[in-house]
Amino acid sequence: MTYQGNGISEGIASGRVYRYLPAKIHITRQSVSKSEADQNMEKFQQLKRAAMQELLQMEHKLQTTDTGKAKIFAAHQEMLEDEELQESICNAIEECYALDWAIESSFSQFIALLSKAKDPLISARTADLEDVKNRLLRLVAGVPERNLAKLPPDTIVVAHELLPSDTAAIDREHVKGIITEIGGDTSHTAIIARSYGIPAVSGVTDALECFQDGEEIIINALSGEVIYAPNQEELLEAAHLKNEYMKEKEVQKQFLERPCQTSDHVIVKTGINVGALEEEGSLIPYVDYIGLFRTEFLYMDSGHMPTEEEQYEAYRNILEKARGKTVILRTLDIGGDKALPYLELPKEENPFLGNRALRFCLEHEELFITQLRAALRASAYGDLRVMFPMIGSIGDIRSALTAFEAAKRSLEKDRLPFDDGTKVGIMIEIPAIALLAEEAARQVDFASIGTNDLLQYLSAADRQNAQVIKYYNAGIPAVLRLIDYVNRRFTEQGKTVSVCGEMGGDPVYAPIFAGMGIRKLSMGMSRITAVKQAMSCFSAEELCAIKDCVLEMDSTEQIVSFMKAEIAGKRDK
């Protein structure tokens with residue numbers, strides 16, 4: 001029987017089902033006596049110490065083998081010590097609620113706050129809060145910890161969702177694939193699976209109910225298909241597909257150390273999109289620049305509003321790791337749908353079209369100037385460029401530039417060094433500013449196109465809503481034409497345009513952008529070799545001709561079919 005999900009980590013594997021069912025603690029709202037409440041206050045402190053000890057042990061265990069994963073547990077320690085969370089729990093205890101309910105209700109409030117974020121990178125952080133909550137509740141109930149440290153050979157893990165602690169010590173030797181009922185491309189499961197090279201499929205409805213332990217299963221994360229209890233013919237076909245896939249990956253590996261260029265040696269610079277450099281840092285030698293540094297992660301990983309000094313150190317650190325390569329810093333993209341537990345924001349009916357990113361920053365001038373000062377101070381240590389998101393008008397650009405100049409003047413007054421020639425750009429993700437590209441190009445030094453939001457706004461389809469995904473994809477011909485228009489208007493004025501959305505890292509669309517004359521593409525770390533390989537198939541002249549053909553097409557299906565045929569034809573020669 002075949003089930004359909006979403007491939008979140010490429011690959012094909014077969015193995016046997018291992019249903020992972022962490023201990024579930026049933027919590028009900030209960031009250032206790034005043035004397036028991038006093039005892040619970042002390043018990044809560046003991047639980048915190050016990051949880052902290054477990055987290056420290058996990059962090060220390062991973063420090064020698066995987067510092068990136070170790071930082072997950074360092075972040076959990078910060079969450080455990082979060083003042084607002086502790087205050088909420090202690091208040092509930094003082095109100096004579098049972099200890100487990102005080103923990104459950106307080107954490108759930110914070111989880112609900114973050115889960116409203118439509119940005120998947122923000123909402124995915126709810127998994128960390130859920131993890132810390134479950135750790136405390138498990139300790140309250142006295143239930144021993146379960147993990148995936150020891151698995152049978154050739155295991156396909158099936159779970160509702162995998163939390164950070166579930167995967168920290170996962171048996172990488174024996175796990176061949178992962179299937180979850182929920183989770184998207186930016187979920188913790190997806191990030192871990194990609195970093196370990198494990199095929200993974202999410203969104204398989206009722207997998208825990210439908211699949212039985214020990215049954216044979218095939219996971220095809222290229223198509224998102226899961227074949228349960230396959231027959232011999234299906235097993236042979238899967239083995240063939242896996243063999244072909246592995247051959248293709250070996251070919252792509254040859255491109256990692258090569259420059260991204262066309263067959264006639266026209267260079268297309270490749271960058272990486274990062275929130276931190278723990279895992280991506282190893283790829284810096286193989287890319288030309290950091291095309292999108294998402295600064296909101298600095299705010300999300302902190303239990304308080306980061307100070308100027310904390311931001312300055314973080315930005316300086318990323319510049320030093322970049323070793324002279326350009327770093328494009330996107331100013332804070334938060335507010336509305338991207339909430340922080342320590343920052344109270346008014347509720348909005350449609351936060352994705354609300355007071356977020358630059359709009360939010362312009363209304364909170366002190367916060368904005370603090371970040372700009374920190375970024376400018378860091379600019380003294382490398383090639384830092386500042387980019388403003390959610391630009392909707394020329395007025396937005398002028399307001400942002402005014403704040404940028406104010407930050408410069410305040411640093412001069414304080415006699416703090418910075419690069420006065422720091423370049424400034426904008427993200428083009430709102431159609432209104434795309435149509436004003438000629439005027440926008442006069443105001444700034446560069447632009448980067450965020451295809452995810454541009455496509456979403458242009459097609460009026462929420463990219464996180466599976467029910468309207470066909471409308472989102474149907475907007476691709478229109479967004480390609482609009483990107484071509486933006487690039488031509490900026491190029492006429494000698495300004496550069498790059499692409500930093502998901503389409504920029506897609507080997508189907510990257511050659512089209514190069515055909516438009518776009519020479520900078522930034523992407524996730526797993527896409528680099530595939531894009532380099534696709535680009536090498538064509539000459540610059542051929543890409544220009546391909547671009548002309550594609551821009552005449554009126555459906556995504558037609559474009560994808562045409563591009564795949566063109567790429568396959570070149571590889572077969």
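These legends describe close-up views of a predicted model. Local features need pLDDT of at least 70, side-chain atom pairs count only at pLDDT 80 or more, and totals for chains, interfaces and linings use all residues. Residues are numbered from 1 along each chain as its sequence is written, and side-chain values use heavy atoms, without hydrogens and water.

**View 1. Helix α15, residues 394-413.** Helices are DSSP runs of H or I with at least four residues, strands are runs of E with at least two, and both are numbered from the N terminus. The 20 residues of α15 should span 28 Å at 1.5 Å a residue, and this agrees with its end C-alpha atoms, which are 29 Å apart. The expected span is 1.5 Å times one less than the number of residues.

**View 2. The buried side of α15.** Buried means under 20% relative accessible area with a 1.4 Å probe, protein chains only. Buried residues of α15 include Ile394, Ile397, Phe404 and Leu411. The buried residues pack against α13, α14, β12, β13, α16 and α17, where contact means heavy atoms within 4.5 Å.

**View 3. The two ends of α15.** At the start, a side-chain oxygen of serine 393 comes within 3.4 Å of the backbone nitrogen of glycine 395. Just after the helix, arginine 415 has a positive phi of about 55°.

**View 4. Lining of the second largest cavity.** Its lining residues are Ile328, Arg385, Phe446, Ala447, Thr496, Val497, Ser498 and Lys520. A cavity is a set of points on a 1 Å grid over the protein atoms alone where a 1.4 Å probe fits but cannot get out; lining residues have an atom within 4 Å of a point. β15 gives the most to this lining, with three residues.

How values were computed:
Buried < 20%, exposed > 50% of the residue type's maximum accessible area, 1.4 Å probe, protein only. Polar contact = N/O pair within 3.5 Å; in protein donor to acceptor, adjacent residues only side chain to side chain. 1 Å grid on protein atoms, 1.4 Å probe; cavity = no way out; pocket = protein on both sides within 12 Å on 5 of 7 lines; lining within 4 Å.
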